[in-house]
Amino acid sequence: MVEIELDGKKVEVLEGSMVMHAAEKAGTYIPHFCYHKKLSIAANCRMCLVDVEKAPKPMPACATPVTQGMVVHTKSDKAIKAQQSVMEFLLINHPLDCPICDQGGECQLQDLAVGYGGSGSRYEEEKRVVAVKDIGPLISMQEMSRCIHCTRCVRFGQEVAGMMELGMSHRGEHAEIETFVGQTVDSELSGNMIDMPCRRTHQQTFPLQRQNVGIVAP
């Protein structure tokens, strides 16, 4: 076992654990998007940056292994400022359509933007627009301009379904989640990608269902 200090509390975790695991054991919430306890660690979103003493810069909690005597601050000014900067970066290309978004009211990005987002944006350039793709009858990719590239859908397909049907192509602001060579997503578990938290791939009929709220099926 390894003992660390997390926000002034002593926490013991197994050797090889990450700071995020220690925070979960201590009951301390660290904001995150790409981390999921049943998927591999990607450290894509950088939202979980924390202040580790003697480290030259904020470190991602999901990908930083614990060491004996490590001192971590998740609520320090340095950590909060880093998380706010990441949130501003994530929202640079995000469309301002929360009122009409199919995820409205149940969106992790929306929730964390309230706590870590700014009241305005300094970004004045044109926002990125991602072309609509058809990847089959179950999954809709109509609104991939909202994707923040957490890659949960990619990792779920590869690690749980056992088929790497989705992937990320290109780099930087040109990066996109897509199937390669125009293939469709056909695995038996592909429908579960619809229900991944912070999802941008959603059920083809979901927007239609949302329009019929209040109608009771026979």
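Two strands count as paired if DSSP finds at least two bridges between them. In this predicted model, strand S1 (residues 2–6) and strand S2 (residues 9–13) meet that condition, with five bridges in the antiparallel sense. Within the pair, Glu 3 stands opposite Glu 12 in S2. Glu 5 faces Lys 10 of S2. The two strands form a hairpin with two residues between them. In that hairpin, Asp 7 takes a positive phi near 50 degrees.

Strand S1 has a further partner in strand S5 (residues 71–73). Here the strands run parallel, and two bridges join them. Glu 5, already placed opposite Lys 10 in S2, also stands opposite Val 71 in S5.

The side chains of S1 follow a simple pattern. In a regular strand the side chains alternate between the two faces of the sheet. Along S1, Val 2, Ile 4 and Leu 6 point to one face. These three residues are buried.

The chain as a whole can now be described. Its secondary structure consists of five helices and 10 strands. The chain has 218 residues, and 45% of them count as buried. Among contacts with a separation of 6 or more, 60% join residues 24 or more positions apart. The accessible surface comes to about 12,500 Å². Carbon and sulfur atoms account for 54% of that surface.

Helix H4 (residues 152–159) is mostly covered. Six of its eight residues are buried. They are Arg 152, Cys 153, Val 154, Arg 155, Phe 156 and Gly 157. Two of the names in this list are arginines, Arg 152 and Arg 155. The cover over the buried residues includes one helix, H3 (108–116). It also includes strands S8 (167–169) and S9 (176–178).

Empty space was examined next. Rolling a probe the size of a water molecule over the atoms shows where empty space is left. The second largest pocket has a volume of about 470 Å³. Its lining is made up of 19 residues. Nearest the centre of this pocket lie Phe 89, Leu 90, Ile 148, His 149 and Gly 172. Helix H2 (residues 77–90) gives the largest share of the lining, three residues. By class, the lining of the pocket divides into nine nonpolar, six polar and four charged residues.

The structure also holds two cavities of 30 Å³ or more. The second largest cavity contains about 30 Å³ of space. Its lining includes Arg 128, Val 130, Lys 133, Met 144 and Cys 147. His 149, Ala 175, Glu 176 and Ile 177 belong to this lining as well. Five of the lining residues are nonpolar, one is polar and three are charged.

Notes: Residues numbered from 1 in each chain as written. Predicted model: local features only at pLDDT ≥ 70, side-chain atom pairs only at ≥ 80, totals over all residues. Heavy atoms only, no water. Buried < 20%, exposed > 50% of the residue type's maximum accessible area, 1.4 Å probe, protein only. Helix = DSSP H or I, 4+ residues; strand = E, 2+ residues; numbered from the N terminus. Contact = heavy atoms within 4.5 Å. Areas by Shrake-Rupley, 256 points an atom, 1.4 Å probe, with all protein chains shown as cover. 1 Å grid on protein atoms, 1.4 Å probe; cavity = no way out; pocket = protein on both sides within 12 Å on 5 of 7 lines; lining within 4 Å. Points joined across faces, edges and corners; volume = space filled by probe spheres on them. Nonpolar A, V, L, I, M, F, W, Y, C, P; charged D, E, K, R; others polar.
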